[in-house]
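Hi there,

Here is the structure I promised to send over. Have a look first, and my notes follow below.

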Amino acid sequence: MRPVQAPLRAAFDGIEAGLNIVFPPSWNPLRNLGALAFFMYWIVAVSGIYVYIFFDTGLTEAYDSVEYMTHDQWYLAGVMRSLHRYASDGMVLFMLVHMLREFALDRYRGPRWFTWVTGVPILLLVIMAGISGYWLVWDRLAQYVAIATTEWFDWLPIFGQSIARNFLTTDSLDDRFFTLMIFIHIAVPLILLFILWVHLQRVSRPEINPPRGLAIGSFLMLLGLSLVYPAVSQGPADLSTVVSVVGLDWFYLGLYPLVDYWSSGTVWGFVTVLGLILIVLPWMPPMRRAPAAQVDPAHCNGCTWCLLDCPYNAIEMGPRTDNAAFDQQAVVDPSLCVRCGICAASCPSSTPFRKGGEVLTGIDLPGSPLNDLRQRMVDVAGSLSGDARILVIGCGRGVPVDSVASPSVAALTLPCVGNLPPSFVDFAVSRDLADGVMLAGCRDGDCHFRFGIRWTEERVDRERDPRLRVRVPRGRLAYCWSGPGGSRRLQREITAFAERLKAMPKRPRWEPAAGPPPAPTVELEPTGSDG
Ligand code: HEM
Ligand code: SF4
Ligand code: SF4
């Protein structure tokens, strides 16, 4: 998959960086694609209800009622019709780009297969809803779509007789056809809403609403488009003539030319293979399966912090399996755990300030335990030299931190920057392992594991437990959220950070040979306190 994902990812990164010039980072449309698709759904639903009030079912009435809306009541029903059309197109656009981006960013494997696979029927339902909408207008485009679709379906050996025959003459059609299409056009979006709910079942705190400014901006764009370039019909359907030239809505009807150029069987084969590829994609190589997070009841007090921080609803509280005096303990569902390690950093037991002993925590990643992190930190810091010794801690998905290592810069990589307990920053600074700590990772607002950056910043800013102690001078900590292509930016920020560190008052250097470190040591960091 890498050869396909890498160029796609580079393209997304480039476009995202370009959009960041125009939008504030949190408004970047590429970071809000699912939420924007949802927003389009609501515009389609509201405008659809309004348009339905004026829509008449019937062979001639349908077209006439849509014409009435478009021309006689252009200022309201006409605008609503256009909004309905353009928001539907927007939904397809945002959905397809959202799907491509999740693929490019490798966010569809492992336990995320569920969200990906439930996206596949969403694709189908959105397209079905749109196509049934085009039939309802009963203009030349509807005639083309009706005949092409029924001829295509006739290839399947499931209908007793040809359904395309219904469109040979006007006499072979009756008003019940419109009632059926209306039913499909309303039922499919309702089923879609249900599947969207299922789609988000494994994602904790899903962002289903775009930032207000982005929502207002995109609505105004649709409104402007509706006023300047209103949606119109393409002349009444006439079954006595063949539709030879028709304007297609490429968002919904992009596959229709294939029905004209290929045989129906080939198009069925193409669509089926495409659907199957999408469904099996999460299980295609390379498969990486590190062990899921594990709870150690001996160090879990049942505080629920890990449950609150887990981005994938993989943690529940369950009854104690030991005799400890707490009511509950954390329980991880390995089939939902994406191995980000965010929970290990949430746990109040995750402290490196343990005299002599191991870092023993309530929850940890067996493949990347915090005890190893503490050791790695001490080891790499031991080789640092210079006036501004910097420890850069990054993640396996963001900017590659190893690329900036030098005699004065040591680099450590975690599964996610959210895997770093704030007490480890305190440890590095107060034990004089480094003069400053720089945290690096995915692009801001776009953490691969959704909340790694957000929780880290909130913990450091002391807005979320476990909080960074106030004794850590804030100037000795810096961030660089620049994403995988951001090595140069990281280098620049490290140089600037080093200058700031050099300008700070000098601290007494701790020499291990001189005895214990100067900073206070704490046995077990009390929950959320400054200690
Ligand atoms: C109208 C269509 C769709 C809507 C409204 C929608 C909406 C969303 C939303 C709101 C999220 C959560 C984003 C977050 O808070 O991090 C999400 C996640 C996701 N969607 Fe969709 N989606 C749609 C279609 C699809 C399709 C067609 C696919 C792929 C076949 C797909 C694949 C995914 C995946 C893999 C995630 C999980 C990302 C992660 O684990 O971080 N979605 N979607
Ligand atoms: S590693 Fe922890 S936070 Fe991450 S998904 Fe697994 S249980 Fe949740
Ligand atoms: S954060 Fe730690 S102590 Fe709290 S419930 Fe989770 S594992 Fe237990």
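Is Glu16 buried or exposed? Glu16 counts as buried, at 1% relative accessibility, where buried means under 20% relative accessible area, exposed over 50% and partly exposed in between (1.4 Å probe, protein chains only).

Before the rest, please keep in mind that this is a predicted model: local features need pLDDT of at least 70, side-chain atom pairs count only at pLDDT 80 or more, and totals for chains, interfaces and linings use all residues. Residues are numbered from 1 along each chain as its sequence is written, chains are lettered from A and ligands numbered from 1 in the order in which they are written, and side-chain values use heavy atoms, with hydrogens and water left out.

**Salt bridges**

Glu16 pairs with Arg101 in a salt bridge, 2.8 Å from N to O (a side-chain nitrogen of Lys or Arg within 4 Å of a carboxyl oxygen of Asp or Glu). This pair links distant parts of the chain, with Arg101 in helix H4 and Glu16 in helix H1, 85 residues apart (helices are DSSP runs of H or I, at least four residues, numbered from the N terminus). Arg101 is buried as well, at 3%. Within helix H1 (residues 2-22), Arg9 and Asp13 sit 4 residues apart, about one turn of the helix, and form a salt bridge at 3.6 Å.

Over in helix H17 (residues 487-503), Lys502 and Glu499 are 3 residues apart, and their closest N and O atoms are 3.7 Å apart. Here Lys502 is partly exposed at 38%, and so is Glu499, at 47%. The whole structure has 24 salt bridges.

**Nonpolar cores**

The largest nonpolar core has 74 residues, and Trp138 and Leu253 have the most contacts inside it. A core here is a set of buried Ala, Val, Leu, Ile, Met, Phe, Trp, Tyr and Cys residues joined through side-chain atoms within 4.5 Å. Apart from this core lies another, of 42 residues, including Val359 and Phe424.

**Ligands and cysteines**

Among the residues around ligand 2 are Cys310, Cys337, Cys340 and Cys343 (a residue counts if one of its heavy atoms lies within 4 Å). Cys310 is buried at 10% and Cys343 at 8%. The structure holds 0 disulfides (pairs of cysteine sulfur atoms within 2.5 Å).

Definitions and conventions. Helices (H or I, at least four residues) and strands (E, at least two) are DSSP runs, numbered from the N terminus.
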